[in-house]
Amino acid sequence: MPDHAPNDARGTVDAAATSMDDENPPTFPEGIPARDIVAAKHEPRASNEVLIITGYSGAGRTGAARALEDLDWYVVDNLPPTMLPALVGMMSNDPAVGVHRLAVGVDVRSRTFFANLSSTLDQLKMAGIAYRVLFLEADAQTLVRRYESNRRPHPLQGKGTLMDGIKAEERLLAPLRRSADEVIDTSDMSVHDLTRRIRDIVAGKERLLQVTVESFGFKHGLPLDADHVVDVRFLKNPYWVDELRHLTGRDQAVADYVLSQPGARDFALGYADLLAPMLAGYLAELKPFVTIAVGCTGGKHRSVACSEAIAERLRTHGHTVRVMHRDIGRD
């Protein structure tokens, strides 16, 4: 395009631009190393897990979702299927942070949106995103009983009867049920039975018991969340030894004084051995954590030394154990 501005006018414009540049220097500093560092990129994690929870209304989807939350899954319920790819795309590729286990509840409550589920799952498959479909069902008699107990209408009931809604849902979900990876019949299951089944499907043997051994002082009160309490005040108190009073049970001199007393070490190790076969039962009964409280008078010497000994013994039985000393810094 031809330049129609006079030469003198163009010179005036250039001069004005130069003047403006001088008056308005760049406000974003350059040459700062931290700014110029390229953020680390992470390849998509093949270990990211996506689970689609669906099935009949009243078959236990809420219980399944709660079980998955307890297993550290991020759970979204009643999501319109068309939003699923975007949600999956938000999962983290950074192995250190973010969501790596996603469970999504999708069912007929999403109404007309539910019709898009099949095409949405095909879209995920074409994108190379692995997922599993968990389908929950129950027989009609059980579903009727559950609906009558909570006095809520079936999502597909409309102006018809409860059985009309149940049968309509069964017809609608038949193709999805046939393609599901896991089908769970909850007719004869309690909430705890369903939780165990969910845990077996998604966690297998990897779920470990969280064991905490916590020392405390009786004069400061019992730990409220203790499952087991053991009293070690039968041992001589290092508090009355001037050289040990200012130390704690974590110091070797105090530990030696406490555990070298007749029967002390045998008691601590024997108590751990007594607990070991019991701990496996907590996971079987869906209690994923246990707290063992060890108390002395002030929670500074005897209970601390014994807690450390008990924890170390439990580790030899294959347990992962965390040690806490609640009152070690209190007078």
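This is a predicted model: local features need pLDDT of at least 70, side-chain atom pairs count only at pLDDT 80 or more; totals for chains, interfaces and linings use all residues.

User: Is T186 buried or exposed?

Analyst: The relative accessibility of T186 is 2%. Buried means under 20%. T186 therefore counts as buried.

User: Which residues does T186 touch, leaving out those up to four places away in sequence?

Analyst: Residues up to four places away in sequence are not counted here. Contact means heavy atoms within 4.5 Å. The residues that T186 touches are A59, L136, E137, A138, R146 and L194.

User: What is the strand order of the open sheet?

Analyst: The open sheet has five strands, with parallel pairing. Its edge strands are β2 (74–76) and β5, and each pairs on one side only. Neighbouring strands are turned by 20° against each other on average, direction ignored. The order is β2-β3-β1-β4-β5.

User: Which residue in β3 does V75 stand opposite?

Analyst: β2 pairs with β3 (residues 101–105) in the parallel sense, over three bridges. In β3, the residue opposite V75 is A103.

User: What angle does the direction of α3 make with that of β1?

Analyst: Helix α3 (residues 61–70) packs on the sheet. There α3 touches β1 (49–55), β2, β3 and β4 (132–137). Its direction makes an angle with that of β1 of about 160°.

User: And α8: which strands does α8 touch?

Analyst: α8 packs on the sheet too. The direction of α8 makes about 165° with that of β5. The strands touched by α8 are β1, β4 and β5.

Note on methods: Residues are numbered from 1 along each chain as its sequence is written. Side-chain values use heavy atoms; hydrogens and water are left out. Buried means under 20% relative accessible area, exposed over 50%, partly exposed in between (1.4 Å probe, protein chains only). Two strands pair if DSSP finds at least two bridges between them. Helices (H or I, at least four residues) and strands (E, at least two) are DSSP runs, numbered from the N terminus. Axes are lines fitted to C-alpha atoms, for helices over the stretch in contact, and angles run from 0 to 180 degrees between N-to-C directions.
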